[in-house]
Amino acid sequence: MPRYMSVCAYGRVIGILLSFCFLSACAVMTEKECLNADWATYGFLDGSQGYQKTFINTRTQACQEHGVTVGVDAYLQGWQRGVRQYCTPDNAFSQGKQGADYQGICPLDMEKAFAHYYQEGLIVHAAHQRV
């Protein structure tokens, strides 16, 4: 009987994981969003949230399924502006304090300050974890 229960539990976990994967892939962009997209804005939003520039590949794949071509140049220009907003010392500290992963996306002129404040935030995060 315990073996049967573990097989059932395993099956439920697999089902949940497959559902999550399916839902997250579908949630990237709908057909309407692809058709009406302001690609510079999407790039800006993705960059300002700390997504790597390769996240455009996820958007491209989603929109290709709807027969829509992504405006890559506009997206990348927006992404570069968004990253500059993401890579501020205040956000670096906040990201570190939350224990968020840093994806190494900051431009060279901002990287050193970001890394410093991100590490400071990680120290606070680690201290809270010990309490």
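## Cys-34 and Cys-63

Cys-34 and Cys-63 are both buried, a term that stands for under 20% relative accessible area, with exposed being over 50% and partly exposed in between, for a 1.4 Å probe and protein chains only. In this predicted model, local features need pLDDT of at least 70 and side-chain atom pairs count only at pLDDT 80 or more, while totals for chains, interfaces and linings use all residues. Residues are numbered from 1 along each chain as its sequence is written, and side-chain values use heavy atoms, with hydrogens and water left out.

The sulfur atoms of Cys-34 and Cys-63 lie 2.1 Å apart and form a disulfide (a pair of cysteine sulfur atoms within 2.5 Å). This pair links distant parts of the chain, with Cys-34 in helix α2 (residues 31-35) and Cys-63 in helix α4, 29 residues apart; helices are DSSP runs of H or I with at least four residues, numbered from the N terminus.

## Cys-87 and Cys-106

Cys-87 and Cys-106 also form a disulfide, with sulfur atoms 2.1 Å apart, and the link is left-handed at -100° about the S-S bond. Because Cys-87 lies in the loop between α5 and α6 (89-98) and Cys-106 in the loop between α6 and α7, the pair ties together parts that are 19 residues apart in sequence.

## Contacts of Phe-114

Leaving aside residues up to four places away in sequence, Phe-114 touches Tyr-86, Cys-87, Thr-88, Asn-91, Ala-92, Tyr-102 and Cys-106, where contact means heavy atoms within 4.5 Å.

Notes
Helix = DSSP H or I, 4+ residues; strand = E, 2+ residues; numbered from the N terminus.
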